[in-house]
Amino acid sequence: MRRADEQAFRDFAVGHAAALRRTAFLFCGDWHTAEDLMQTSLLKLYQAWHRVEWRDHPSAYARKVLLRTWLDEKRRPWRRAEQRDGELPEVADSSADPELAGERLWARDLVHAALLRVPPRQRAVLVLRYFEDLPVSEVAVAMGCTEGTVKSQTARGLVTLRAAVEELDRGVVVAS
Amino acid sequence: MSEAELRKSLRAAVGDEPPLDFDADALIERAQGVRAARRRRRALVAVGAATVVLMGTVLSLPGVLSARDVVQVDALTGRVLTTAPVGAVPSGTSPSSFAKPTSSVPASVAPPGVTTSADPASRRLTALSGYLADRFAAVVPGVWDVRVEFADDRAKPAAGLASGFVHFEDDEGSGGVVVRLTGPPTAFTRDDFCAGVRCEHQQKRADGSVVEFATSSSGSSPDVVSHSVAHFRADGTVVQVTGYNYDPAQGGKTRDVVPVTLDQLLILATDPRLDLR
């Protein structure tokens, strides 16, 4: 790779690493996995950096690579998530401050927990549309599907998310 | 939950983001290592593929080349498998004793000593081919372009059997002689030799061996004649040499007499160096 291209990639990576990690976190729900996904995506991006057609939109390409990397990871058998449906022991959290654990914090965790119950592709659509604030056309490019599919996946994802939020909310209320 | 609330919650979900320890230079270094490893892997695969192709070519080429232009003589029946029948075939010729043209495709005789495998039996036959070519030219004067080929086209080569074909040119054209060597464990008796041909007489030799002389004639016009001499040696091996008044490999015109005389056939059949071992 030429020196100028390498410098351009370096600037891009430094400028977008944090944003990519945040998106990856919303995909997978774990900061360590998000960091791995971000690093792997940037590695792949480096291999493809010489492609001229993506130089004008490296962010869109990086999002696409990140999404594919995450979906590929999820498809691998050894990456399948552990089924955590057992009873968790009730242990006091010494770091939790009742003052800080207000309603906003509670709602935030609730939505994030519910998001992880949404199927992967619907979850990706929700993150790209409502976190990245991308228009439907760009989400379609990142997902590799039509705009109609993006809209239908968005609608289904919202229904699933709301159902998951209600279910979790009921569980919390009953537990308390 | 409205879309605005969802946006707000998603932004809040990443609020407790841990500090990012990102080193772009380390990432680029790692990417270059991955690229170099990929290049090495591709080179390795290319070298492996080229080696396989080369080995395939080397192994298959001799088989392809040796399959062409070779007179193939059946070890048991003595049939020349790649000859052109122009003259008639002797009616009294036994399949076990004489060569018969079976194909309409003219065939040429490969140079003596051409073999493709390197096992001891093949090496022995190669040596025999060279010796027989020299010996034949010495015993039968007035011939040139003498070529000898020992070949066995059987699917499963039999032990103790070898058939060779001597091609030569003389003043009247081309001719051929079939030489057949038999030894244990393959049995070849005098009754086998005389089956279907006219055994003229036999000659007992001082070393205990026996020589049989046989003649075959078609009785038609032109008369197709073959003379055969078999030396039944004391050690159980048999050397049978057969001459024809036509070229068994290429056909051609029928001669008045067999170009190789009985005495010359006898010298060849009793040659102690013509041996399977």
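Reply: Helices (H or I, at least four residues) and strands (E, at least two) are DSSP runs, numbered from the N terminus. On that count, chain B has five helices and seven strands. The model is predicted, so local features need pLDDT of at least 70 and side-chain atom pairs pLDDT 80 or more, while totals for chains, interfaces and linings use all residues. Residues count from 1 along each chain as its sequence is written, and chains are lettered from A, ligands numbered from 1, in the order written.

Start with chain A. Chain A holds seven helices and zero strands. Its order from the N terminus is α-α-α-α-α-α-α.

Now the side you asked about. Contact here means C-beta atoms, placed from the backbone, within 7 Å. Chain A brings 26 residues to the contact, and chain B brings 20 residues. The largest share, 10 residues, is that of α1(A). By class, the chain A side has 16 nonpolar, three polar and seven charged residues. (Nonpolar means Ala, Val, Leu, Ile, Met, Phe, Trp, Tyr, Cys and Pro; charged means Asp, Glu, Lys and Arg; the others, Gly among them, are polar.)

(The expected span is 1.5 Å times one less than the number of residues.) The helix bends by about 50° at H16(A). (That bend is the angle between axes fitted to the seven residues ending there and the seven starting there.) After α1(A) comes G29(A), with a positive phi near 85°.

The loop between α5 and α6 of chain A holds D133(A). D133(A) is not a glycine, yet its phi is positive, near 60°. Most residues other than glycine have a negative phi. D133(A) is exposed, because it has 9 other C-beta atoms within 10 Å. G144(A) follows α6(A), with a positive phi near 70°.

Chain A as a whole: 32% of its 176 residues are buried. Of its contacts with a separation of 6 or more, 66% join residues 24 or more positions apart.

Now the partner. Chain B runs α-α-α-β-β-β-α-β-β-β-β-α from the N terminus. Buried residues are 35% of its 277. Of its contacts with a separation of 6 or more, 58% join residues 24 or more positions apart.

In chain B, strand β1 (residues 144-150) is mostly covered, with five of its seven residues buried. Five bridges tie β1(B) to β2(B), residues 161-170, and the two run antiparallel. (Pairing takes at least two DSSP bridges.) E149(B) faces F165(B) of β2(B). D145(B) also belongs to β1(B). Its phi is positive, near 50°, in a residue other than glycine. D145(B) counts as exposed, because it has 11 C-beta neighbours inside 10 Å.

The P184(B) to P185(B) peptide bond is cis, omega near 10°. P185(B) lies in the loop between β3 (173-182) and α4 (190-194) of chain B.

Definitions and conventions. A residue is buried if 20 or more other C-beta atoms lie within 10 Å of its own, exposed if 12 or fewer, and partly exposed in between; C-beta atoms are placed from the backbone. Two residues are in contact if their C-beta atoms, placed from the backbone, lie within 7 Å.
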